[in-house]
Amino acid sequence: MMKAIAVLSCAILALSGQPRAVNAQEYVAGMFSDFGMGIQQVHLAQGKDYSTMVVSWLTTYEAPTIVRYGTKLRKLDMTATSTDVVQYTAFNTTSGYIHHVPLRDLKPSTTYYYLIGETTNQDGSASIRYFTTLPIVGKRIKNFQLAVAADIGQTNDSLLTIDHLLQDPDPAMLLLAGDTSYADCDPQRWDTFFNFMQPFAEQRPMMTLAGNHEIEFDNTTGVATGFQAYINRYRMPEVRPTEINCPFEFTDFCAPSVYFSCYDYGNAYYSFDAATVHVIMLSSYTYINESTPQYNWLVKDLASVNRRKTPWVVVMTHSPMYNSNQAHQNEAQSIAMKAAIEPLLMRYKVNIVIAGHVHAYERTYPVYQNVVDYKDGITYIVAGDAANREGHASEYISPIPSWSAVRNGTQYGHGKMTFHNDRRMTWAWYRNLDGEKILRDEVKICNTAKGLPVSCGKINAKRTKLSKFNPGRALAPDLHITEPVEATTATKAVKA
């Protein structure tokens, strides 16, 4: 069996048959030199609910698209196959064979072991991976958690973020608000990204949306295209198959910060249920107004949410609707989306809106149309600080807007949502500092859909840490090592 499969990863099972935690440094140190031909880039995507999980991977040659799986390590008694095997060509480069296999009719809150391809070693060796399905929709799970990041890239700082995620067993999945690989029209960097994320993504779903770095405008063949890697490499729970309803507009940039397209459905925008949470993913780079498919789908989706089953509604997009950083101020797609959907989000009592794009962290007070509203407003988060190669966005506008509660443009980190019950949730932001996971900002949010005022009062952030992690030698594809510094005086003044 190929060495690549046999190398340890975080989803690897020790010979005892029990899952073993492996940090990202250990994984990457062992893996980057071992990917050649064979199964690689393994990642999971959640279906519409607990009952479906999509297993995706890449091979460099034609190979069987098959997954054997089961609820017992040594009895993989179910088989799933698929005809969803794609290759695509972009920038004069043809990808490997990308395999997508949905596993259906899964049981809730159940651990499944799975084996990819035609390998036959079902004795608990390293090629058997595992995942645990979500609870049944509507089931009350105390302190149910979802992790959040955006603009993650492939740097040593990104590696630190992944390591923190790996060592936190509680989040059921990672929600990525776009700008994932930072391939930037270099197709090989998509391969390194999925191998980079595999330690996490082979055992917990990685749910994402398209940021501007997923656009990758390509006119090399004379026919303009966009989003090709994003469309082909991910399998989100689509409403219907991808539609491109107008030609891609020409741009001189691979990843234009301001852009509109007619990329609809598919991975562009979708929703799913996770226990008591309804998650909506939107596309900042697809037209949105009252006459567009994205807007009309969103109206129907919001109207269909049963708040008795899923009392919490989370919306994610790439470009922020509230942003006091000097970076990406007043961009057209942010203005258009805010004008189109902010009243909808308020009407349907959305609880929290999360974005990326700006390489910094910011949290608003509950707000509606730029006015702080502690009774009915919505909390907006910018979480584009997961550590890509472009570095920090550290300059903010002045004076500080009245709706801006916390902002930090000098440190990397990630977020986490904890849903305590139907009435209260907590948003927390952890910064990466000195190789430790530091809790820097935390706020409780009450559920307006349950008749409560949104503001429950801020928790005093406490310094907590996970295990030490020293990046050591340069392991990541991008050698972007930063020396984290304390927040600026201005940031500290805003209840940092």
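Glutamine 154 counts as buried, because its relative accessibility is 0% (buried means under 20% relative accessible area, exposed over 50%, partly exposed in between, with a 1.4 Å probe and protein chains only). The model is predicted: local features need pLDDT of at least 70, side-chain atom pairs count only at pLDDT 80 or more, and totals for chains, interfaces and linings use all residues. Residues are numbered from 1 along each chain as its sequence is written, and side-chain values use heavy atoms, with hydrogens and water left out.

Glutamine 154 sits in the loop between strand 11 (144-149) and helix 3 (156-166). Helices (H or I, at least four residues) and strands (E, at least two) are DSSP runs, numbered from the N terminus. The side chain of glutamine 154 makes a polar contact with the side chain of threonine 192, at 2.6 Å. It also reaches the backbone nitrogen of phenylalanine 193, at 3.3 Å. A polar contact is a pair of N or O atoms within 3.5 Å; within protein, one must be able to donate a hydrogen and the other to accept it, and residues adjacent in sequence count only if both atoms are side-chain atoms.

The structure holds 22 aromatic pairs. Rings of Phe, Tyr and Trp (its six-membered ring) pair if their centres lie within 6.5 Å; planes under 30 degrees apart count as stacked, over 60 as edge-to-face and the rest as tilted. The ring centres of phenylalanine 193 and phenylalanine 194 are 5.3 Å apart and the planes are at 70°, so this pair is edge-to-face. Both residues are buried. Tryptophan 312 and phenylalanine 419 form a tilted pair, because their planes are at 55°, with centres 5.8 Å apart. This pair links distant parts of the chain: tryptophan 312 lies in strand 18 (residues 312-316) and phenylalanine 419 in strand 25 (residues 413-419), 107 residues apart. Tryptophan 312 and phenylalanine 419 are both buried. One aromatic cluster includes Trp190, Phe193, Phe194 and Phe227.

The largest nonpolar core has 107 residues. Such a core is a set of buried Ala, Val, Leu, Ile, Met, Phe, Trp, Tyr and Cys residues joined through side-chain atoms within 4.5 Å. Among the members that touch the most others are Leu146, Ile341 and Trp427. Helix 4 (residues 188-201) gives the largest share of this core, 7 residues. Apart from it lies another core of 16 residues, among them Val42 and Tyr69.

Overall, the protein chain has 8 helices and 28 strands. Buried residues make up 62% of its 496 residues.
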